[in-house]
Structures are given as C-alpha cells and as structure tokens.
Amino acid sequence: MSSPVVASGEPVSVPENLLKIYKAKPVLFKGHGNFPYLCGNLNDVIVSPLLYTCYKNSQSLSRAYEQYGASTIQPISDEMQLLLTVYYLVQLASDQVPLIEDLEQIFMRSWRESHLSEIRQYQQAIPQAFPQVPGPIAPVTSAQLPWLAGLAASSCNDSVHIIECSYSLAEGLSEMFKMLIEGKLVKTNYVVIICACRNRTIDSCIAVTGKYQARILSESMLTPTEYQKEVSYELVTGKVDALGAFFSTLCPDYNFERHQIRPFQLAVAQKLLSHVCSIADSSTQNLDLGSFEKVDFLICVPPSEVTYQQTLFHLWHSGVLLELGLEKEHLTKQRVEQYVVKLDTEAQNKFKTFLQNSMQNPHTLFVLIHDHAHWDLVSTVHSLYPQSDPAVGLVDRLLNCREVKESPNIVTLHVTSFPYALQTQHTRISPYNEIHWPSLYNNGADLYHESKKYYGLSEFVESTLSGHSLPLLRYDSSFEAMVMALGKRFPRLHSAVIRTFVLVQHYSAAMMAVCGLSQMKNYTTVETLEITQNLINSSRQCPSGHGLMVVLRIPCIPLAAVAYERLSHVRERLALEDHFEIILGNPNSGITVGKHFVEQLKIWQKIEDAEWSPQTYLELEGLPCILIFSGMDPQGESLPRSLRYCDLRLINSSCLVRTALEQELGLAAYFVSSETSTEKLVSNDVLESDPEKLSSTDNEDEETVTEDTTSSSGENHIN
C-alpha cells in the first residue's frame, strides 16, 4: 500500500460554514492508496490515519508464518479489506460507533479462514487429522469491488452510501461535501469512497457523517490533556453561554470504625509469604531470605490526595510499623509519611532515598508495594502521548528502573483489582507469581470463616434480570434523549459540556421540586428526582441526623468545578445549606467540608480535637452529601457505607476499556453480610439510623490483592 500522507491530483476544498450548515464535523479515515490534499475550511473536518494503519497491520499477518516456509500464503487483499469494512458498517445500529478493534478481529478471522489449510500445513506439532475445510475463496477484483460494496449497502436504508470515482478520491470527496451542504446525507452515517481503476491499486477512504458517530469518534481521538484543554477553552471563552441561556428559558432560577484485618486479607498475606519463601528456595531466583535481619517497605499510591491520606491512616492505625521495629511508640503522622509515596512529579526524591537505603542496608529486605498497579500503564518507550509531560510514564520510570530490577534485596508487590490490565503478552510478571483473592464461587467465605462477601459487578448485573423488584443498574433514557437533542442543537460544544449542563439542570430542578415547587418535576427525570428526594429527606428520617451520600462522577476537573458552583448556588437559594453538604473531590487537593458539617462528624465519631477535619471519604460516614468525584480515573479512593447512589451519567462508556469501565462501576462496591439476600438489599430503600449499622466502612478492602473486580452493598444504585 502507498503511504497515506502522499496526495495526488487537485486539492479538495472543504466548504465554508460546513459545521454551521451540517451541524457536525465529518471524520475522514484514510484508507488505501493516495489521499488528496485538503484546503479551505480545515477546522470543520477531522482526518485520521487509524483505518490505514489497521489495513496495513492486517496485511502483515502472513509474515508470522514465514518461519514455517509458508511463502505461498498471501495477505488479505485491499479489495477484500474494503468489502469487509462495508459489511461491518452496514450491520452497525444507529446508536453504535465503529471500532478499529472490531475491524482488526474481522480481518484476522477472514484471513485465517481463507488460508486455514495452508496455516495448518505449516504449523509445528499439529496433528494432520483435521476435518475437511473449504477451499480458498475466490478473490475480489477491483472491477467487482464497487458493485459488491453497493450491493452490500443496498439493504441498510441509506446508512451507508457508496461513491465510485473514475480518476481519484478528490472527485468523490468533492461530491460528498456537496451532498452534505445540500442536505442529501441526513440519513447517512458513513460514506465509502472508492477509486478502482483497472491499471493500478485501489484508492479509498471512509467518511463518518453521522452526527452522533462523528462527535463520539472525534472526541475519543483527544488525549486526556487535549480533552481538558478543549473543555476549559469552551468554558473560559463563553462558548457555553448559549447553552446556559437555553436552560434559563426552560427553568427559572455515623460512627467511624477503624480498619481491621479480614480473614480473606490474612489468607492472602499468608499465601504471599509462602510464595516468597518458595521463590527463595528455588535456584532460579537471586533471593536469600536467610541473609536478611529485618524488613522495610515503601507503599506507592496514585497521585490522589485522598488516597494518600487514606493509606496513611490505615498504616498509622495498623500497628505494623511498631511490630516490625521500624518505629518507636508515640508514632507521629510525619514519620508514617516516610513509608508512603504519592506517584506525582515530586515522588522521585523519596523514591531515590528508598533506593539508597536498600543499597546501604544489604541485610534488610525491602518490599516495594505498588498499590493500584493498574493506574498509569504507560511505557516511557512506547508512550502515545508527548514526552514533554513529566507525569507520563512516571510509574514505569521509577518502579521498572534498573536499580529496582537488579537489586538483590528488593521485592516488588503489584496490587490490583484488575489483574488482566497487567497480563499482557510482554509482561515481566510470571503467571506463577500471581496470588489471587479467594473466590466466593469455591466456598471461599466458608473456608476462611469470612462473615461478609463482595457485592460487586456480577451482582449488579444480576439485579437487572427479571425477578428483581428494583434493578441496581439503571439507564436514564430521558436524560440521554435530551443530551442527544442538544448535541444536534449545539454541534460546536464538546458532549461532556452538554451532558454536565443537562445533569446540573436536572439536579437543580429536582431540588426545587422537593422544596415545594411541584411544577419543576417537568424539568428533571424520574431517576434524578428520586436521588434528590432521598438525599434531602434522609437526615430528616434519622434521629441522629445521619444521611446518605450521592456520588456525582464528573471526570473533567473544570466541569466538576462548574457543577459544584452551580449546585451550591441553587442549594443556597433554597436554604438547604444545613440539610446536606456539597463536596468537590479533586485528586490534586484535599477535602473541604463546611464548619457545620465538620462539627456533626466530630460528634458522631466522638472526636475532641478542635483542629480535626476529614481527610478521606471514609470519614464522611453518615454525612448527607453530594460528592462531586472528579479526575479522569478513580485512583483508589474508598467510599463510606452511607453511599447510596453512584451517578455515572457523565461517563462516556463508549470510549472506555474494560479496566476503566469496571473502575467506575466499582465505586459502588461493598462488603455485605453473607446471610443477607440480594432481594432484601435491593428493596431496602430506607436509610438505617442504627449507629451500629452506620459504623462499618469496609469497601476499602476491595483494593487488596484480588481477581474479583468489584464488591458492593446492594443498597447502592448506579445510574
């Protein structure tokens, strides 16, 4: 294939006011052959080489079999690649977005099926007794391609449109832009442009013209930094004013339990110790436990201030520093801080001190604990982001440095709730060195005398099945419909901005409705109204004033600040300041709670320190509040058992990989009693006011070494 950056023929002019007229930015995927130059209004289109790269990579499959002498196996042809792409686009629903990963799998399966007999012939140590397979599929010629593509697209109700060119892609692109301006592609989500001349290879490109698909694809191509910058720019420059004006026309203005070691945790710790001993006993590893006189450690956590304070708290009250003889009595917080490092740009000095101590004390075994090891899985060598960002690949630079790998007295322990994020083909962690959390499916709770079990992702999904009175995973169709409509009305705004403003508007209207303005129920959704009613009424129903927590997940920090400001303003106007708190959770800073609610927490938790204030979310147990949880990804922050609702409507799940999505769903994860039935948990919508039941804060235990992805109290709901 020719390079996609090479252009030929006359340049193609992008029409003026394309975005204003069509209400979307088309995404042009370079395909085969030469792609023409574009000129004119380049800001209204997006050009991507992702499809070209996918095509090129799929044609390298046959090289893997060259070592077996399989020189006759041909790669999948350009014509077949494009035809399979058309088949894939045709079967997509109107609310689906094409994924490059899907195409890669399709090409791989097609190639393997076409050459199955040849592949088996050259594979080593494979029995010859295979069932008969069909012969090679007749190749698609360039002359047949446009007709076959048109035939495939004829049954999709115009969602895929085929343009055939005689000389170059330039004429096809010009025709497509003209059709967009004239409104002839309103029902079309994808335009496939083919130039198939008899005397040379084909040229092709695919334009994504569906407004929903184009928006999602263009936003998914932004790096996290670019995403934050774009949203900030829209907020600062006043681009959102029109959205705010639109809304203004619609609507006027518990006791705290200290951390305890659970039987499961103790069992995992014993497994770890046994495994380290077996490694030392083997002759394959350079680890002599008999030469060590003491143990030291360093815990590495993501750069979240809440997670950092949470880890300090657990370490301080665990007694492990005294038991190991690392510290004396009257332990201070400043001394505990020497054993925990936040993996930000200031971590290098503390990490350097750790390495120096390991070299100066050869008879001390140093354990390097990498907590939440699924965070920042970026290699400094193979990074997709610019190396000018010092935070990119920091974990790789520190924990995988030569000094750590070659040290005879450092053992690295990676702790994660998402082990598959680390189980890559090139991982340095042997499967033999994996220690898994005891499974509940093999009577693990009975074996380890565990009185509580995880209520996690599988249980949430199960609650959506028929037979349950109230699903814990809910979908707000009214919210999504309004977002979709506003996306068409304001095509220049990032969808995250629109979703945030809609959700803030719905919560504001719900607060007004609960306060007696019944007509405001028309400006919110059933789900939002339920959440707000239970939040405001929870403290009124409890004699001690305990209430529930609502987590409002807003990944973009600037948008989280906007939501905090606007919701706080509405709360103040409605005189609800003493009914519930609104807390802005920023991973780069600590927690700020109003004086009235700090005094409430001190009374509930029997704290006499006049200067005390909560530093972790666990210390917000029983506080009626909306926690606006910001940051691109959760970084190990644990939430209290008074959490009732996790609002994930601002999470763009179409762009999330499995680990990231399960982290978001895992925010509602908890330990629950093994004797409690799911049905009872699902139907329990009244907040418990019993102080004993408000005293348990167990969901932080999910972060221990585990292969279970989430755990939860069935009282929590995810929207």
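Is N157 buried or exposed? N157 is exposed, with a relative accessible area of 62%. Keep in mind that this is a predicted model.

**Loop residues**

- You'll find N157 in the loop between α6 (145–153) and β5 (160–165).
- N157 isn't a glycine, yet it has a positive phi of about 60°.
- For background, most residues other than glycine have a negative phi.
- D158 lies in the loop between α6 and β5 too, and D158 also has a positive phi, about 70°, although it is not a glycine.
- With a relative accessible area of 49%, D158 counts as partly exposed.
- Elsewhere, H436 sits in the loop between β11 (410–415) and α18 (444–447).
- H436 is partly exposed, at 29% relative accessibility.
- H436 and L272 are 164 residues apart along the chain, and their C-alpha atoms are separated by 9.8 Å.

**Helix α3 and its partners**

- Take α3 (residues 78–90) with α6: their axes come within 9 Å and cross at roughly 10°.
- Angles under 35 degrees count as roughly parallel, so α3 is roughly parallel to α6.
- On the α3 side, the contact is made by E79, L82, L83, V86, Y87 and V90, which meet L145, L148, A149, A152 and A153 of α6.
- Sorted by type, the residues of this α3 and α6 contact are 10 nonpolar, no polar and 1 charged.
- Now look at α3 with α4 (residues 100–114), where the axes come within 10 Å and cross at roughly 125°.
- That leaves α3 and α4 oblique to each other, in a right-handed crossing.
- Here M80, Q81, L84, T85 and Y88 of α3 meet D102, L103, I106, F107 and S110 of α4.
- The residues of the α3 and α4 contact split into 6 nonpolar, 3 polar and 1 charged.

**Helices α21 and α23**

- Further along, α21 (residues 495–514) packs against α23 (residues 557–573) at an angle of about 15°, with the two axes 10 Å apart.
- This angle makes α21 roughly parallel to α23.
- The crossing of α21 past α23 is right-handed.
- From α21, the residues in the contact are A496, V497, T500, F501, V504, Y507, S508, M511 and M512.
- They meet L559, V562, A563, R566, L567, V570 and R571 in α23.
- By type, the residues in the contact of α21 with α23 come to 12 nonpolar, 2 polar and 2 charged.

**Helix α24 and its two sides**

- Which residues of helix α24 (residues 595–604) are buried? They are F597, V598, L601, K602 and W604.
- As a general point, an α-helix has 3.6 residues a turn, so residues three or four places apart point the same way.
- K595 and I603 are on the other side of α24, and they are exposed.
- What covers the buried residues of α24? The cover includes β14 (581–585).
- Just after α24 comes K606, which takes a positive phi of about 55°.

How values were computed. Residues numbered from 1 in each chain as written. Predicted model: local features only at pLDDT ≥ 70, side-chain atom pairs only at ≥ 80, totals over all residues. Heavy atoms only, no water. Axes fitted to C-alpha atoms, helices over the stretch in contact; angles between N-to-C directions. Helix = DSSP H or I, 4+ residues; strand = E, 2+ residues; numbered from the N terminus. Parallel < 35°, antiparallel > 145°, perpendicular 65-115°, else oblique. Left-handed = near helix turned anticlockwise from the far one by under 90°. Contact = heavy atoms within 4.5 Å. Nonpolar A, V, L, I, M, F, W, Y, C, P; charged D, E, K, R; others polar. Buried < 20%, exposed > 50% of the residue type's maximum accessible area, 1.4 Å probe, protein only.
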